[in-house]
Amino acid sequence: MVEVTAPLRMPYSPKLSVHHRPSKKERIRVRIMIHSTEEFAVQFWGVRGSIATPGLSTVRYGGNTSCVEVRAGGKRLIFDGGTGLRVLGQHLLKDKTPMEGHIFFSHSHWDHIQGFPFFRPAYVPANSFNVYGGVAPNGATMRQRLSDQMLHPNFPVPMQIMQADLQFHDVHPGEILDLGNGVTVEIASLNHPNTALGYRVNWKGHSAVYATDTEHYPDRLDENLLHLCRNADVLVYDACYTDEEYHDEEYSKRGWGHSTWQEALRLAEAAHVKVPVMFHHDPDHHDEFLDKMERQVQALCPSACLAREGMIIAIDHHKQGAEFLAESSSESPIVKMPVSA
Ligand SMILES: [Zn+2]
Ligand SMILES: [Zn+2]
C-alpha cells in the first residue's frame with residue numbers, strides 16, 4: 001500500500017483513458033465472510049438516488065435509497081439512512097445480542113434519512129449507536145433534522161421513543177475520527193445544495209470512501225475529493241447521470257448537485273482508486289439502462305462496477321496486497337468483478 005502524505009494535485013484531463021486493466025494474476029473470488037475483527041467489507045443496502053423506486057424495472061439493481069455498511073476491525077459503520085437502512089435493520093435484528101454501530105449521514109435530503117424512523121434496532125433498549133452528521137447552513141444539527149422528520153403530522157411517533165442509546169455528534173470537514181480497533185474516519189465537504197459530507201474509512205492500510213451526493217467542477221477535479229480518495233481500495237461515488245444527460249441542451253442537470261460515471265472514472269484514475277463503484281442511481285435509470293452503463297464503464301475501467309443492493313466488496317488483507325471478493329446476499333445476484341492483487 002503506497003502511503004500518500006499530501007493532497008494530490010493532478011492536472012485536470014477531460015479525456016477519459018482506459019486504466020487499471022486486470023493482469024493475468026487478477027482473478028475473481030466469491031466467498032462468504034463472517035463479521036469479525038479481521039474483516040474489511042463494504043455492503044450495499046440501498047443504491048438509488050432521489051426517491052425509492054420499487055418495481056419490475058429495478059429489481060436487479062434495487063430501488064431502495066442510499067445506505068451502505070462498512071465492517072472494519074470489528075466495527076460496524078453505516079453511511080446514510082435512506083430506505084435501505086430499514087432492510088439493514090431487519091437483517092441486524094436476526095442477531096439477538098446487543099449491538100453497537102456508527103451511523104454517518106452525508107446530509108439530510110429525504111433519500112438519505114427516510115429509513116431512519118424505520119431502523120428497528122434503534123428502538124431496542126440494549127443497543128447503542130453513535131450518529132454523526134454536519135450542521136446545515138441554517139444551523140440545524142443532524143439530530144434536529146432527524147427529529148423534525150418524525151414530528152406530527154409527518155410521522156406518528158417522535159424520535160424520543162427510540163429506546164437505544166443514541167449519541168449524536170456534530171462533525172466538520174477536515175476532522176479525523178478514531179473509532180478504536182485501528183479504525184479511523186476522515187471527513188470532507190462535498191459540492192451539493194445545502195452542503196454534504198464525504199467519508200473515508202481507514203483500517204490496517206486499507207480504505208473505502210463514501211462520496212455522494214456531489215457535483216464535479218467543469219474545469220478541474222475537486223481537490224477535497226482527490227485527497228479523500230487517494231489510493232483508496234473502494235470509492236462509492238455519485239454517478240447519478242451520464243455525461244450526455246448532464247450536458248443535455250434541453251434538460252441539463254448542471255447545478256443539481258450530482259455527478260456522472262465519466263467523472264467517477266476521471267476522479268478514480270487521478271486518485272489511484274482500485275475499485276470505483278457507481279452509486280446513487282437515477283430513479284429513471286431502469287435495469288437495462290444500468291446494464292448498458294456498466295458495460296460502458298467497464299470498457300474503460302474493468303475494475304469498476306455499478307452498485308447493486310446486496311453486493312459486498314470484501315478486502316482480504318491476509319493475502320499479498322488487497323484482494324477483492326465480490327459477494328452477494330442470498331436474494332441478490334452474485335456480482336463478479338475483476339480483482340487486483
Ligand atoms: Zn441523494
Ligand atoms: Zn442530496
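The model is predicted, so local features are kept only at pLDDT of at least 70 and side-chain atom pairs only at pLDDT 80 or more, while totals for chains, interfaces and linings use all residues. Residues count from 1 along each chain as its sequence is written, with chains lettered from A and ligands numbered from 1 in the order in which they are written.

**The sheet**

Helices (H or I, at least four residues) and strands (E, at least two) are DSSP runs, numbered from the N terminus. Strands pair if DSSP finds at least two bridges between them. Seven strands make an open sheet with mixed pairing, ordered E7-E8-E9-E10-E11-E12-E13. Strands E7 (176-180) and E13 (305-306) sit at the edges with a single partner strand each, so one side of each has no neighbour in the sheet. Inside it, E8 (residues 183-190) and E9 (residues 196-203) run antiparallel and are joined by seven bridges; Ala188 has Gly198 in E9 as its bridge partner.

Helix H6 (residues 261-271) lies across strands E11 (234-238) and E12 (275-279), at about 155° to E12. That angle is taken between N-to-C directions, on a scale from 0 to 180 degrees, using lines fitted to C-alpha atoms (for helices, over the stretch in contact).

A residue is buried if 20 or more other C-beta atoms lie within 10 Å of its own, exposed if 12 or fewer, and partly exposed in between, with C-beta atoms placed from the backbone. In H7, the buried residues are Leu290, Met293 and Val297. They span an arc of only 60° around the axis, which puts them on the same side of H7; the arc is that of the directions from the helix axis to the C-beta atoms. They pack against H6, E12 and E13, where contact means backbone-placed C-beta atoms within 7 Å. On the other side of H7, Glu288, Lys292, Arg295 and Ala299 are exposed.

Most residues other than glycine have a negative phi, and most peptide bonds are trans. Here are some exceptions.

| Site | Backbone value | Loop |
|---|---|---|
| His152 to Pro153 | cis, omega near 0° | Pro153: between H3 (142-148) and E6 (165-170) |
| Thr212 to Asp213 | cis, omega near -10° | Asp213: between E10 (206-211) and H4 (223-229) |
| Asp80 | positive phi of about 75° | between E3 (75-79) and H1 (84-92) |

Asp80 is buried, with 31 other C-beta atoms within 10 Å, whereas Asn231 is partly exposed with 15.

Note on methods:
Two residues are in contact if their C-beta atoms, placed from the backbone, lie within 7 Å.
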